[in-house]
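I set out to look up a few features of this protein and to record them in order.

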Amino acid sequence: MIILPAIDLLDRKVVRLYQGDYEQQQVFGDDPVVFAEEFQKKGATHLHLVDLNGAKEGTKVQFDIVRKIVAKTDLFVELGGGIRSEQDIIDVLDAGVKRAILGTIAQKDPAFTREMLKKYGEQIAVGVDARDGMVAVAGWLETTTTRADEFCRQLGEWGCKTIIFTDISKDGTGKGIDVDLYKQLNSLGLNIVASGGVSTLANIKDLAQADTYGAIVGKALYSGTLKLEDCLEAAKGANV
């Protein structure tokens with residue numbers, strides 16, 4: 001299983017939000033590039049990068065930081081936040097980002113999403129953010145009437161290979177994960193990346209044993225609850 005340390009960018013700083021609430025943020029640093037370089041030194045091969053300003057405003061806001069991280073590391077960078085058009089996707093991939101994450105647009109414009117998945121294949125992932133089992137969009141500010149598990153199933157039918165699934169109720173809380181939820185999602189035959197609430201090595205081992213493709217670790221790394229090296233070791237031995 002792949003471990004993806006997370007860097008969330010807000011106003012050019014590294015932050016973590018509590019349950020996606022922009023008003024409940026904790027700032028961990030003002031140089032995201034340094035964090036990315038440190039993750040690589042500790043053994044990370046992948047990085048989950050989110051432009052929270054972009055997610056909220058619907059456009060790429062902190063793209064210069066993204067470019068610097070790609071240029072100064074060898075990490076497989078996936079980027080989400082404000083990617084709403086094909087030109088956005090082209091710009092992101094041209095900058096060296098390996099995987100562009102469609103979020104809000106995937107739920108609101110199915111035709112566009114299907115077209116982009118067909119055209120760019122595995123260079124596209126879809127972020128499915130769930131609050132109480134329903135899809136949330138616009139930086140988690142809006143909850144839709146679409147069931148998250150059914151949306152994941154539909155995405156698979158459209159040709160999506162990788163889904164970044166965030167359980168908002170767990171995100172930033174350190175309260176752990178819903179293993180049964182991920183077992184259900186893994187049965188769809190897609191590459192599911194678990195996000196939100198991963199706070200112990202047991203969480204990581206449970207996800208790995210459930211054949212989860214990847215796990216995003218955020219606040220637990222910044223708070224010191226988990227060490228990246230231990231996460232990487234715990235994730236070994238699972239299918240990817």
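The entries below record what I looked up.

**Entry 1. Overall make-up.**
I note at the outset that the model is a predicted one. I read off the secondary structure of the protein as 11 helices and 12 strands. The protein has 240 residues, and I found that buried residues make up 56% of them. I then turned to contacts between residues at least 6 apart in sequence; of these, 64% join residues at least 24 apart.

**Entry 2. Salt bridges.**

I looked up the pair of arginine 99 and glutamate 78, whose closest N and O atoms are 2.8 Å apart.

I next took aspartate 149, which forms a salt bridge with arginine 147; here the closest N and O atoms are 2.8 Å apart. Aspartate 149 is buried, with a relative accessible area of 14%, whereas arginine 147 is partly exposed at 45%.

I also noted a salt bridge between glutamate 233 and lysine 236, with 3.2 Å between the closest N and O atoms. Lysine 236 has 58% relative accessibility and therefore counts as exposed, the cut-off being over 50%.

**Entry 3. Histidine 48.**
I returned to glutamate 78 to look up a further partner. Which side chain does a polar contact of 2.7 Å join to that of glutamate 78? The side chain is that of histidine 48. I located histidine 48 in strand E4 (residues 46-51), and its relative accessible area of 7% makes it buried. Leaving out residues up to four places away in sequence, I listed what histidine 48 touches: Leu4, Pro5, Ala6, Ile7, Glu78, Ile101, Ile164 and Ile216. Glu78 in that list is also the salt-bridge partner of arginine 99.

**Entry 4. Aspartate 167.**
I found aspartate 167 in strand E10 (residues 162-167). Aspartate 167 counts as buried, at 11% relative accessibility. Beyond residues up to four places away in sequence, aspartate 167 touches Ala130, Leu181, Tyr182, Ser195 and Gly196.

**Entry 5. Largest pocket.**
I recorded about 210 Å³ of space in the largest pocket. Which helices each supply at least two residues of its lining? They are helix H1 (32-41), helix H10 (219-223) and helix H11 (228-234). H1 gives the largest share of the lining, 4 residues. The lining residues include Val34, Phe35, Glu38 and Phe39, and I also wrote down Lys42, Leu221, Tyr222, Leu226, Lys227, Leu228 and Glu229. Sorted by class, the lining has 7 nonpolar and 4 charged residues, and no polar ones.

Terms used. Residues are numbered from 1 along each chain as its sequence is written. This is a predicted model: local features need pLDDT of at least 70, side-chain atom pairs count only at pLDDT 80 or more; totals for chains, interfaces and linings use all residues. Side-chain values use heavy atoms; hydrogens and water are left out. On a 1 Å grid over the protein atoms alone, a cavity is a set of points where a 1.4 Å probe fits but cannot get out, and a pocket is an open set with protein on both sides within 12 Å along at least five of seven lines; lining residues have an atom within 4 Å of a point. Grid points are joined across faces, edges and corners, and a volume is the space filled by probe spheres set on the points. Ala, Val, Leu, Ile, Met, Phe, Trp, Tyr, Cys and Pro count as nonpolar, Asp, Glu, Lys and Arg as charged, and the others, Gly among them, as polar. A salt bridge is a side-chain nitrogen of Lys or Arg within 4 Å of a carboxyl oxygen of Asp or Glu. Buried means under 20% relative accessible area, exposed over 50%, partly exposed in between (1.4 Å probe, protein chains only). A polar contact is a pair of N or O atoms within 3.5 Å; within protein, one must be able to donate a hydrogen and the other to accept it, and residues adjacent in sequence count only if both atoms are side-chain atoms. Contact means heavy atoms within 4.5 Å.
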